[in-house]
Amino acid sequence: MVQLTRIYTKGGDKGETSLSDGARLPKHALRIAAIGTVDEANAAIGVARLHTAGAREADAMLGRIQNDLFDLGADLCTPESDDPPTTPPLRIIPAQVGRLEREIDTVNAQLAPLNSFVMPGGGAAAAHLHLARTIVRRAERLMTELATQEFIETPALHYINRLSDHLFVLARFLNDKGARDVLWEPGKHR
């Protein structure tokens, strides 16, 4: 279990931060940008949850996702190493990806098929989930870029990809199962 007794350490005052193994990286490093963007997505989901009090199942899904995003941050904070770790690193596992896929299928089965692209909006929860979805997409872009330079576990990449789909269908579900979706009308204001 993590225990935080001090909130500031002054260790980052020179523009660096530590990974789980103690290695120091510049705060602008790609790995740190990916970790920070995953954290940003988690915060956006937290804001969305302020509007899901009446949707217990959806809120429970989002709570599990928030916990998973901390797991993902821990995964990214622990690069692969030739030195065997003293304790096994926390990694996203295929079961977490599978859970997202099952939830996507369950929620999507309750939605009417789309005839156009959905614009972010409708209700407050949906709008915030669309914002979180775009942040997740940015995290995915950073993670896939990082994967071209360093090894990233496959389940972590699968998880972040599925998560944006999950947030999309859940946003539609929270928009009265799509009834309050705002649809794009191509060329409407020409």
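This note goes through selected features of the structure, which is a predicted model.

1. **Salt bridges overall.** The structure holds 15 salt bridges. A few of them are taken up in the points below. One group is a network: R64, D68, R99 and E103 are linked by salt bridges.

2. **R137 and E140 within α4.** Helix α4 covers residues 124–147, and E140 is found there. R137 lies in α4 too, three residues from E140, which is about one turn of the helix. Their side chains meet in a salt bridge, with N to O at 2.8 Å. E140 has 13%, so E140 counts as buried. The cut-off for buried is under 20% relative accessible area.

3. **R137 and D165 across two helices.** R137 also has a salt bridge with D165, at 3.6 Å from N to O. R137 belongs to helix α4 and D165 to helix α5, so this pair ties together parts that are 28 residues apart in sequence. D165 is partly exposed, because its relative accessibility is 32%. With neighbours within four places in sequence left aside, E140 is in contact with I160 and N161. Both of these numbers fall inside the range of helix α5, residues 154–174.

4. **The length of α5.** Does the span of this helix agree or disagree with its residue count? Helix α5 has 21 residues, and at 1.5 Å a residue it should span 30 Å. The expected span uses one less than the number of residues.

5. Most residues other than glycine have a negative phi. Which residue follows α5 with a positive phi? It is D176, with phi near 50°. D176 is not a glycine, yet its phi is positive. D176 is found in the loop between α5 and β4, the strand at 182–183. K177 is in the loop between α5 and β4 as well. K177 is not a glycine either, and its phi is positive at about 55°. With a relative accessible area of 43%, K177 is partly exposed.

6. D181 forms a salt bridge with R172. The closest N and O atoms of the two are 2.5 Å apart.

7. **R31, a buried arginine.** R31 lies in helix α1, which runs over residues 30–48. Its relative accessibility is 4%, so R31 counts as buried. What surrounds R31, once neighbours within four places in sequence are left aside? R31 is in contact with L19, L25, L76, P79, L146, E150, F151 and I152.

8. **The aromatic pair.** How many aromatic pairs does the structure hold? There is one aromatic pair. F117 and W184 form it: their ring centres are 5.7 Å apart and their planes stand at 45°, so the pair is tilted. Planes under 30 degrees apart would count as stacked, and those over 60 as edge-to-face. F117 lies in the loop between α3 (94–108) and β3, and W184 in the segment after β4, so the pair ties together parts that are 67 residues apart in sequence. F117 is exposed, with a relative accessible area of 61%. W184 is partly exposed, at 40%.

9. **The nonpolar surface patch.** Together with M119 and V182 they form a nonpolar patch on the surface. The four residues have about 400 Å² of accessible area together. M119 is found in strand β3, residues 118–119. At 36% relative accessibility, M119 counts as partly exposed. Two members of the patch, F117 and W184, are thus also the tilted aromatic pair.

Notes
Residues numbered from 1 in each chain as written. Predicted model: local features only at pLDDT ≥ 70, side-chain atom pairs only at ≥ 80, totals over all residues. Heavy atoms only, no water. Patch = residues over 30% accessible without salt bridge, like charges linked within 9 Å, V, L, I, M, F, W, Y side chains within 5 Å. Areas by Shrake-Rupley, 256 points an atom, 1.4 Å probe, with all protein chains shown as cover. Helix = DSSP H or I, 4+ residues; strand = E, 2+ residues; numbered from the N terminus. Buried < 20%, exposed > 50% of the residue type's maximum accessible area, 1.4 Å probe, protein only. Contact = heavy atoms within 4.5 Å. Phe/Tyr/Trp six-rings, centres within 6.5 Å; stacked < 30°, edge-to-face > 60°.
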